[in-house]
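Before you read on, take a moment to look over the chain as it is drawn here. The briefing that follows begins with a single residue and then widens its view.

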Amino acid sequence: MKKTTVVQPYDLESINIKNWVTKSNILIESTYKLSLQEQRILLIMASKVQPNDETLKTYRFRAKDFIEIVGNKKGTGFYSYLKEIVNGLQTKILTIKEKGRQRNYNWVITSIYEENEGYITLQFHPSLKYLFLELKEKFTSYQLENVVRLNSVYSIRIYELLKQYERLRKRELTLEELRHFLAIEPTKYKQYGHFKSKVLAIAQKEINNKTDIHFEFVEIKTGRKVTSIEFIITSSPALNDASATKEKKLELNQHLVELENHENIIQNDLVDLGVKPEKIEWLLSEFTKEHLERNIRYTQDRLITGDVTHPHSYVVKAIQKDYAKLSQESKLINSKKTAKKELVPDFIAQDRDKQQLLKDATLKEKQESFLKEIGTQMEFEEKLLQFQELKKMLILSSDQPTQEEVKKAKEAGLQEVIRNMKEDFKNHEKLGLEPRLVKDFKNKELKKIYKDFLQSKVLNRN
């Protein structure tokens with residue numbers, strides 16, 4: 001009888017903890033609840049995905065190699081235990097919320113068990129492709145060894161959330177946001193003390209000792225209650241480099257002392273300006289230190305020149321509206337007389353210069369440059385609101401404007417928004433791009449303005 005050769009459908013994959021895991025930030029900031037073993041399985045699969053893959057492939061592993069990374073349960077055969085984990089994983093749902101839509105996916109759609117051979121075959125759900133492949137921006141990468149060493153599901157998730165912000169060196173999250181990302185039930189760790197000891201402290205110890213980043217955290221309070229956490233992130237040296245580790249810890253401690261001193265200085269400045277204690281607590285909890293500092297300096301400068309008569313109320317308004325940033329961008333001299341002039345801010349002049357540079361570019365180059373320049377929909381809306389606020393500020397020249405002045409400023413702000421919408425519409429049309437849709441707008445006020453603008457165009461054409 002002729003011997004037949006069994007052809008295996010997939011190549012056998014080795015597990016290398018030096019492989020890189022690359023995920024879209026959408027996935028990192030999504031909410032899902034998985035066991036430690038389920039997370040490790042998905043991370044091993046993710047480490048096999050290559051940037052040049054066109055689809056999410058099917059991977060075949062030795063069950064024995066897999067269990068060495070995932071871990072085993074006492075009194076259970078490793079293959080049976082692995083089969084039990086994957087069966088559970090296939091029932092777990094990933095929920096992605098994007099652009100007002102909620103989408104639910106299964107993580108794994110294929111799992112083949114070859115008990116006699118001791119192999120297991122796995123495949124991600126094809127719909128997850130955009131979260132792992134063709135990522136050109138807004139993604140995070142790290143080596144598998146950094147997460148497979150962690151023994152807490154919360155440590156793995158916190159590592160990814162901090163790794164995402166490693167270059168920025170800090171990240172602030174409210175407790176509500178953090179609990180949401182970590183999928184912690186409302187009834188679990190209700191007291192901050194429990195949350196700190198069972199989640200934050202364990203994650204800090206594990207991440208600082210076992211990964212390529214190091215973090216400390218500052219508790220931000222509203223009144224006496226901790227409401228947010230500011231993470232201070234640094235890239236860790238080699239784990240066996242004791243002197244470098246000690247130096248990094250000293251650097252972090254110094255940074256924490258500086259943060260505390262800065263907060264005290266800000267608090268004292270606000271007290272000197274006459275702001276009430278309860279309002280100070282709210283400002284410290286609501287805005288970043290840099291935001292507060294620049295608007296306090298802005299108010300102090302205007303107070304010296306005699307442009308502010310009620311500093312306690314003016315500084316609060318300046319912080320809320322970020323007058324300092326608006327003033328810097330427009331390069332207005334801090335006086336009532338100059339504030340009335342329609343000076344061209346730097347960011348408007350820069351836009352005109354860029355238009356000139358694009359004059360001799362090809363159509364494709366113009367399209368690419370334009371899309372890069374306008375940024376995301378959110379950035380475009382922020383820019384519109386910025387122009388609107390700047391226009392209002394140019395009209396309002398006193399701290400206590402009349403109703404007529406307020407009405408005039410509001411109308412000027414509206415017209416400035418419409419003018420920029422018209423320009424954006426024309427640029428899309430000129431470059432052969434589809435115009436924005438009303439449903440694209442997240443800000444309700446801007447959505448209404450854009451809807452009216454489109455309707456007016458239709459009427460004018462008819």
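V108 is found in strand β6, which covers residues 108–114, and strands here are DSSP runs of E with at least two residues, while helices are runs of H or I with at least four, both numbered from the N terminus. This is a predicted model, in which local features need pLDDT of at least 70 and side-chain atom pairs count only at pLDDT 80 or more, whereas totals for chains, interfaces and linings use all residues. Residues are numbered from 1 along each chain as its sequence is written, and side-chain values use heavy atoms, with hydrogens and water left out.

**The chain as a whole**

- The protein chain holds 20 helices and eleven strands.
- Of its 462 residues, 40% count as buried, where buried means under 20% relative accessible area, exposed means over 50%, and partly exposed lies in between, using a 1.4 Å probe and protein chains only.
- Among contacts with a separation of 6 or more, 65% are accounted for by residues 24 or more positions apart, a contact being heavy atoms within 4.5 Å.

**V108 and its surroundings**

- V108 is buried, with a relative accessible area of 3%.
- When residues up to four places away in sequence are not counted, V108 touches L42, M45, L89, Q90, L122, Q123 and H125.

**Q123 in strand β7**

- Q123, one of the residues that V108 touches, lies in strand β7, residues 119–124, and is buried at a relative accessible area of 16%.
- The side chain of Q123 reaches the backbone oxygen of L56 at 3.5 Å, and a polar contact of 3.4 Å joins the side chain of Q123 to that of T58.
- A polar contact is a pair of N or O atoms within 3.5 Å; within protein, one atom must be able to donate a hydrogen and the other to accept it, and residues adjacent in sequence count only if both atoms are side-chain atoms.

**The nonpolar cores**

- The largest nonpolar core has 68 residues, and those with the most contacts inside it are I41, W107, F124 and F231; such a core is a set of buried Ala, Val, Leu, Ile, Met, Phe, Trp, Tyr and Cys residues joined through side-chain atoms within 4.5 Å.
- The largest share of this core, seven residues, comes from helix α2, residues 36–48.
- Leaving aside neighbours within four places in sequence, W107 is in contact with a set of residues including L27, Y32, L42, L89, Q123, F124 and L128.
- A second, separate core of 13 residues includes L270, L284, I296 and I319.
- I319 is also among the buried residues of helix α13 (residues 311–321), together with P311, Y314, V315, V316 and A318, and just after this helix D322 takes a positive phi of about 55 degrees.
- In soluble globular proteins, nonpolar side chains tend to be buried together.

**The loop between α2 and β3**

- Q50 is found in the loop between α2 and β3, the strand at 58–62, and is partly exposed, with a relative accessible area of 38%.
- D53 is found in the loop between α2 and β3 as well, but D53 is buried, with a relative accessible area of 8%.
- A polar atom of the D53 side chain lies 2.9 Å from the backbone nitrogen of Q50, and the side chain of D53 also makes a polar contact of 3.4 Å with the side chain of K57.
- Not counting residues up to four places away in sequence, D53 touches K48, Y59 and L133.
- L133 is 83 residues from Q50 along the chain, and the C-alpha atoms of Q50 and L133 are separated by 7.9 Å.

**The loop between α8 and α9**

- A183 lies in the loop between α8 (175–181) and α9, counts as buried at 16% relative accessibility, and has a phi near 55 degrees, a positive value in a residue other than glycine.
- Y189 has its place in the loop between α8 and α9, counts as partly exposed at 22% relative accessibility, and has a positive phi of about 50 degrees although it is not a glycine.
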